[in-house]
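Work through the exercises below with the sequence and the model at hand. Try each task before reading its solution.

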Amino acid sequence: MACLLEAPLRISVLSEVTATSRHYVDRLFDPDPQKVLQGVIDMKNAVIGNNKQKANLIVLGAVPRLLYLLQQSSSSLELRTECAVVLGSLAMGTENNIKSLVDCHIIPALLQGLLSPDLIFIEACLRCLRTVFISPVTPVQLLYTDPTVIPHLMSLLSNSQRTQEYITQIFSHCCKVFVDPVSPLIGHFVDEVFHTLTSFCFPLQVRMQALKCFSVLAYENTQVSMTLVNVLVDGELLSQVFVKMMQRDQPVEMQLTAAKCLTYMCRAGAIRTDDSCIVLKTLPCLVRMCSKEHLLEERVEGAETLAYLMEPDVELQRIASTTDHLVAMLADYFKYPSSVSAITDIKRLDHDLKHAHELRQAAFKLYASLGSNDEDIRKKITETENMMDRIVSGLSESSIKVRLAAVRCLHSLSRSVQQLRTSFHDHAVWKPLMKLLQNAPDEVLVMASSTLCNLLLEFSPSKEPILESGVIELLCSLTQSDSSALRVNGIWALMNMAFQADQKVKVEIVRCLGTEQLFRLLSDPDTNVLMKTLGLLRNLLSTRPHIDQIMSSHGKQIMQAVTLILEAEHSIEVKEQTLCILANIADGNTAKELIMTNDDMLQKIKYYMGHSNVKLQLAATFCISNLIWNEEDGSQERQDKLREMGFVDVLHKLTQASDPNLSDRAKTAMQQYLA
């Protein structure tokens, strides 16, 4: 009976709450303007800190009425201001609140309100706009539907401290949309924000928002970064202003954001990686941010920014690895907060416990970047305290971001032959990696399958146990993915697996992949997929018994695919790989007859022997050399047929080729006729 009574009780309470909220909304429709004003003020007091009340009022239709009152010229200035304040308070609730406000077209109404001459009303509209635009669910493009909005916002910048704060916050979240560095607007915008940044008459929080504007503008935007690097105000370059802001006597947030600005400009190609402002200022500043003296969020941001800065540059990676014992310092990221933590602030400790996974994620990212090129750095990383165990643990963490960062780190280290043979084997990293591949989002799958490609290389001790785990089926399924990156990795791993493999493994690959899928991959629009598929086919067709067996079963389809590729418009690399497959077929005992009985194919080989590209000439000549080799049965008949088709004349001409490799290959083939 108790269970039956519970539902009506909840309905009763909900009805009571809704009835109370309805009272606030009803007062907005009172014919007396003073009562409407008092109703809005009471609503303002009721929603402060009360997300449930905010949600109720939105559901009951308060927002359209508030927006109507805000836009009516007949409404008093005080009423319009109070409406903007209440809307701003509603926006401070949940993301669903923001979505509801945006759907009610709050942004155009508030932007229209900025045309008012009254500063207090403008500030209330800006405060609400700021709250709406800093939410991740708000489309920032809504700020740019009217081209007059940005110039007007810039004209309001200097009206008061509040307008400075709100507008720079809006810009710092939305200014990424500026993509045209030659427009007059970007120049004016940079001048205004630069003035805000460098003028000490503005409060720190306003200057910080201006600095964030520049970091957002520069991120992955070469054109804008090139514009910013040449900005000169009062005789000083913007980059030098950022350098000063990274000095130790500046607030940590300013140091870190200035370092991000220079990092983004560097990655966008506007500043050289060997520039002193990067090597001597930005990189040391970011390393400094990784020390345990800093707050958790500062250490996370410092590590992730440093990883991004040096990701493509091996010299920066080497410098960073020897700066302030960075590799060892990052090990502390996995021990935080420790049982003997110096944190006495209970709220801070609670916050850090909830966000400690972000430190692990940042450490994995930075280790991945550090170890992406240099063997000595990789060795240093793997020898760091319990590092491989930490990576293995990271692969099974609940946080998807940590799992992704851990597998990125593993992928970076897997580029080392030494680590594949030692640390990777000792810790059986293939087991959690295989588990990760069973059920993961595409982003994780791409990185995990890319790592698996390295573990399947011929010299990797992990190759055998991975093969025994039934990986072939998994890899074949990846080749059918809609993601070209996953198709590439699936076929790449199969290619590595097939290299010098037993016949049993090769047969299983062909069986599991299926000839239909194999030939579908040979016509894949992605060149990388096509190249790896050709590589797989080349590895499958190696050693004579394997060549003959596969060609006896699938020879017709393979020859058809080879013909189509040689006739189509493909790159030199694709055609070279295809001719190499043909050369492997020509090395088979019985398989070579599939070429010898195909005059059209022989004419194609002859054509490529006379091609202008040496790589294609070499591959085609190698094919003919295999067909006419003296020590094999039927060589005389093959030599005679090819002589009749004019191949001897072509070979003789190639013996005079300027390329020594091609000349030697042609001479070797000619000797078969002379023997």
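pLDDT is the predictor's confidence in each residue, on a scale from 0 to 100. This is a predicted model, in which local features need pLDDT of at least 70 and side-chain atom pairs count only at pLDDT 80 or more, while totals for chains, interfaces and linings use all residues. Residues are numbered from 1 along each chain as its sequence is written, and side-chain values use heavy atoms, with hydrogens and water left out.

**Exercise 1.** State what pLDDT the protein chain averages, and examine the stretches 1-16 and 178-184.

Solution. Step 1: the average pLDDT of the protein chain is 88, and 92% of the residues score at least 70. Step 4: where pLDDT is low, the predicted coordinates should not be read in detail.

**Exercise 2.** Describe how helix α33 packs against helix α35.

Solution. Step 1: helices are DSSP runs of H or I with at least four residues, numbered from the N terminus. Step 2: α33 spans residues 527-540 and α35 spans residues 572-586; their axes are 9 Å apart, at an angle of about 15°. Axes are lines fitted to C-alpha atoms over the stretch in contact, and angles run from 0 to 180 degrees between N-to-C directions. Step 3: angles under 35 degrees count as roughly parallel, over 145 as roughly antiparallel, 65 to 115 as roughly perpendicular and the rest as oblique. Therefore α33 and α35 are roughly parallel. Step 4: the residues of α33 that meet α35 include Leu530, Met531 and Leu534, and among their partners in α35 are Val574, Gln577 and Ile581.

**Exercise 3.** Classify the ring pair of Tyr219 and Tyr264.

Solution. Step 1: rings of Phe, Tyr and Trp (its six-membered ring) pair if their centres lie within 6.5 Å; planes under 30 degrees apart count as stacked, over 60 as edge-to-face and the rest as tilted. Step 2: the whole structure has six aromatic pairs. Step 3: the centres of Tyr219 and Tyr264 are 4.9 Å apart with planes at 65°, so this pair is edge-to-face. Step 4: Tyr219 lies in the loop between α12 and α13, and Tyr264 in helix α15, 45 residues apart.

Note on methods: Helix = DSSP H or I, 4+ residues; strand = E, 2+ residues; numbered from the N terminus. Contact = heavy atoms within 4.5 Å.
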